[in-house]
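Biologist: I'd like a close look at just one part of this model, please. Could you start there and then show me around a bit?

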Amino acid sequence: METFDFDTTVFDKEYVTLGDRREAIVRGGRHLFDRLPRAFEGVRQIGVIGWGSQGPAQAQNLRDSLGDAVKVVVGLRDGSGSLDAARAAGFIEQDGTLGEMFEVIATSDMVLLLISDAAQAEHHQEIFAALRPGTTLGLSHGFLLGHLTDVGESFPADIDVIAVCPKGMGPSVRALYVQGATVNGAGINASFAVEQDVTGRAAERALGWSVALGAPFTFQTTLRSEYLSDLSGERAMLLAGVHGIVESLYRRYRDHGDLSDHDAFRHSVESVTGPISRIISKDGLIGVYRRLDDEEKRVFAQAYSAAYPVGLEVTTEIYDEVSSGNEIRSVILAGKRSARFPMGRIDQADMWRVGQEVRGQRDTDGEAPLDPFTAGVFCGVMMAQVDVLLEKGHPYSEIANESVIEAVDSLNPYMHARGVAYMVDNCSTTARLGARKWAPRFDYLLTQQSYPSVDGKAVDPAPFAAFEEHVIHQVLGVCSQLRPSVDIFVE
């Protein structure tokens, strides 16, 4: 049995068995906040650099958790458009909790680099030069490692390099932390990684960072594994995949059935972000199948088998593009084009106007249907991503989080409340670019290959034959016991 393990003297380590592997985890909670000064021993100031998706949440959560034990300072570039937002959150120049980006980096013992991926790539040499020896550099995404590998560079040898990666976008990290003020254990789970440890304190600081953010459970990974799974996941099931799935299904129901626009939206988007996501969150992928009657199970199996090959093909292509460095280079190039070609809105198609109307009528229309065809397509593509990450050797906890849990417990609830545009466009710039690039691939192949095979009764049943006995069901069963103690609210 393969074991993923780490050492800590500050927090209590537990083990979980996922499939044929044992993984060490740390259980969080506000009752552990009094241990944080020990975890951050030697750290007088934490600099949170950037105010994008993760910056506001992490800066506020750390400040609230650490109190007077460690000073939390936000660093932004001169003239940043986010200065007023940071001030409104209580970070101000007068008390030294808001300052210029490079000054904050130079004066902090631990620097959390939460600026955009493209900005990290562009300015990493200046950032490294500003870090003092013995400083801990914290990342919430492994993109920078991928870029350094691509250009033949490395992190400075005299600093710690760690990562804490919340399994949800910044607004989720903050919203669930706020809920945790009254419900101990509310928060977004996170993974952590230690890339370099020159102080001997890297793991404790990473775990302390995760606990301070409010993570109910913290899992171990590596920085390379994290960026491969995270970049691939957001370009597949987490964002681009679900976007492409629901657009293709909406058109199918509207154009090839007898459903009205509103009902087509309810059977596609509302079904995914409503009952399907809620069932998967508590009972896993197998739970959706078990909710169906015999005829619905037949429809599910057919749709699953038709969609799975498309999911496997596109997700494998995505993973290859990420691991080769092509996807990282494309993000950097897009950043250089952004002034000339800024990203536009993605909610201008007719279906998203219909979606606004449907969300406004939920009180009278009632619960969205658990559509078996929609469920089969969604679960088929999701399982394909699981299998790609399994094939590539990722930890089971990471596979479950990046393929399933982050979607149904963090991203899809926002999509359900506010629409797909909100879900996509409140994530990182890297994620937004990936969704725009890859969603059309899922949409096109499902429309051109999967659905015609169903209509022509030419579906190969082999993909579904492996579904019921898949190891991910046991993994998700364990992970369901390691989920936040409350469901996220969306104001």
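Which residue is the kink in helix 19 centred on, and about how many degrees is it?

Modeller: The kink is centred on Leu446 and comes to about 40 degrees (the angle between axes fitted to the seven residues ending there and the seven starting there). Bear in mind that this is a predicted model, where local features need pLDDT of at least 70, side-chain atom pairs count only at pLDDT 80 or more, and totals for chains, interfaces and linings use all residues. Residues are numbered from 1 along each chain as its sequence is written, and side-chain values use heavy atoms, leaving out hydrogens and water.

Just after helix 19 comes Lys457, with a positive phi of about 55 degrees.

Helix 2 (residues 55–66) packs on helix 8 (residues 202–213) at about 95 degrees, their axes 8 Å apart (lines fitted to C-alpha atoms over the stretch in contact, angles running from 0 to 180 degrees between N-to-C directions). Helix 2 and helix 8 are therefore roughly perpendicular (65 to 115 degrees). Helix 2 brings Gln58, Asn61, Leu62 and Ser65 to the contact, and helix 8 brings Trp209, Ala212 and Leu213 (heavy atoms within 4.5 Å).

Helix 10 (residues 237–256) and helix 14 (residues 350–360) also cross, at roughly 90 degrees, and their axes come within 11 Å. That makes helix 10 roughly perpendicular to helix 14. On the helix 10 side you'll find His243, Val246, Glu247, Tyr250 and Arg254, and these touch Asp350, Met351, Trp352 and Val354 of helix 14.

Methods: Helix = DSSP H or I, 4+ residues; strand = E, 2+ residues; numbered from the N terminus. Parallel < 35°, antiparallel > 145°, perpendicular 65-115°, else oblique.
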